[in-house]
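User: Can you walk me through this model? I'd like the secondary structure packing, in short answers.

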Amino acid sequence: MMLRMSANANSDFLARSISAVWHPCTQMKRHETLPLVPISRGEGIWLYDFDGKRYLDTVSSWWVNLFGHCNPRINAALTDQLGKLEHVMLAGFTHEPVVSLSERLRELAPAGLGHCFYGSDGASATEIALKMSAHYWRNNGKPKKTQFLSLQNSYHGETLGALSVTDVALFRDAYGALIQQNATVASPDWRDAANGESPEDYALRCAAALDAHLQQHHEDIAAFIIEPLIQGAAGMAMYHASYIHQARKICSRYGVHLIADEIAVGMGRTGTMFACEQANIVPDFILLSKGITGGYLPLSIVMTTDEIYRAFYADETARGFLHSHSYTGNPLACRAALATLDIFAQDDVLTTNRRKAAFLNRVAQPLRAHPNVRNFRNTGMVWAFEVAEPHADFAQHCFSLGLEHELLLRPMGNTVYFMPPYIITEEEMELMVARTLTIIDKLT
Ligand SMILES: Cc1ncc(COP(=O)(O)O)c(C=O)c1O
């Protein structure tokens, strides 16, 4: 039965939430004027509040949901798993879902990434990869390699290690004294290309800058970490695959690991299962999280090579990778991931997504042609554009107007994006675009 709340009950509930829950990525004082959105249930692409008002989840609930809320197939797998094993520690123990998931990912990932190490959230995968990379070099007699390199405007999470390779001032500044200061190199974001320069030429120019940086600093650098094809938190900055192709060659030349953070872009988001496939490369590490469980449960995975695994394999305990989290490889989360992979295989999701993307690009023509829309772009199942001459506090107004129009839109500055669950229908795509157009008209 659906829970309905009266207006009073609704506001009582919000007051309880505000007093007890400290929300992420939020200046809590803003909620004095901007109410929280209470969600009672989800179904498919829609989220419902306690009054039955619905919101189309255009951002897949922070980029995690692939096959809709309360997906019956993932629900069934979890119900089955609940009757078997909810959790067991992964140190000294193993279980069916974690073994099957590791085997299946090994089959799917670029060849050679045969070892899966488990964490929980995306940031923990970043931490693991950074530690593993530096420890690899230490075990190989290069203890000086303790620095990391990332792209300008990079985002790899917000724990202290992950923040050290995250180039977002708003998230970093307060913690500057606590984090290692690592360098960045120019982002190949094609919006920064010179007039007349193609995205590919710009990517190659940035790759040359990477080469120059590593030539000078490689002795101190353990790894270069990138978000392949799309820098999500940079405002869905998209770039040409040739940058990744070059980065692989350059990192190999200078003895620097390449970490592909596919936390947001993996699991089919860019049109291929892994974004790295489009550059035809094998990184030293692939990081997965978010969509891996279909958006159900926190799980992250660091996939790496036999060469890296072997560097830790020894008689001395201290040469091993002594990193752990209590919920590492949680059976429920792994089972949700297996159900997610089943859906990919059974429904030929990547092919269907290509058709859906072509449809959305067609219906989005009026948006692309809007006089205040700039840089309309698409990669796989991600669309983004900037709004010129925006209303003051555009992101906030756009979010609020979105809710009025049944859309969960969450712009980053003046960048509006769609990153919907893959189950979005043609009708829902039309609705999403038409209502976004109305909102842009009102705010410009
Ligand atoms: C590319 C990338 N890496 C890492 C993270 C951090 O993941 P989490 O928020 O699960 O810690 C994110 C989250 O948005 C991300 O987009």
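This is a predicted model: local features need pLDDT of at least 70, side-chain atom pairs count only at pLDDT 80 or more; totals for chains, interfaces and linings use all residues.

User: Start with the open sheet. What is the strand order?

Analyst: The order is S1-S2-S3-S15, an open sheet of 4 strands with mixed pairing. Strands are DSSP runs of E with at least two residues, helices are runs of H or I with at least four, and both are numbered from the N terminus. Two strands pair if DSSP finds at least two bridges between them.

User: Which strands stand at the edges?

Analyst: S1 (39–43) and S15 (407–408) do; each has a single partner strand, so one side of each is left without a neighbour in the sheet.

User: And how do S2 and S3 run, parallel or antiparallel?

Analyst: Antiparallel, with 3 bridges joining S2 (residues 46–49) to S3 (residues 54–57). Leu47 stands opposite Tyr55 in S3.

User: Switching to helices. At what angle do H3 and H11 pack?

Analyst: H3 (residues 72–82) and H11 (residues 331–347) pack at about 145 degrees, with axes 9 Å apart. Axes are lines fitted to C-alpha atoms, for helices over the stretch in contact, and angles run from 0 to 180 degrees between N-to-C directions.

User: Which residues of H3 and H11 meet?

Analyst: From H3, they include Ile74, Ala77 and Leu78, and from H11 they include Leu332, Ala336 and Ile343. Contact means heavy atoms within 4.5 Å. By class, the contact of H3 with H11 has 9 nonpolar, 3 polar and 4 charged residues. Ala, Val, Leu, Ile, Met, Phe, Trp, Tyr, Cys and Pro count as nonpolar, Asp, Glu, Lys and Arg as charged, and the others, Gly among them, as polar.

User: What covers the buried residues of H4?

Analyst: The cover includes H3, S4 (115–119), S11, S12 (300–304) and H11. The buried residues of H4 are Pro97, Val98, Ser100, Leu101, Ser102 and Leu105. Buried means under 20% relative accessible area, exposed over 50%, and partly exposed in between (1.4 Å probe, protein chains only).

User: How many residues of S10 are buried?

Analyst: 5 of the 5, so S10 is largely enclosed by the rest of the structure. His257, Ile259 and Asp261 are on one side, and Leu258 and Ala260 on the other. In a regular strand the side chains alternate between the two faces of the sheet.

User: Which strands does S10 pair with?

Analyst: S10 pairs with S7 in the parallel sense over 4 bridges, and 3 bridges join S10 to S11 (residues 285–288), also parallel. Ile225 stands opposite Ile259, while Ala260 has Ile286 in S11 as its bridge partner.

User: Last one: where does Val64 lie, and is it buried or exposed?

Analyst: Val64 lies in the loop between H2 (60–63) and H3. Val64 counts as buried, at 19% relative accessibility. Leaving aside its neighbours within four places in sequence, Val64 is in contact with Lys290, Gly291, Gly294 and Gly295.

Technical notes. Residues are numbered from 1 along each chain as its sequence is written. Side-chain values use heavy atoms; hydrogens and water are left out.
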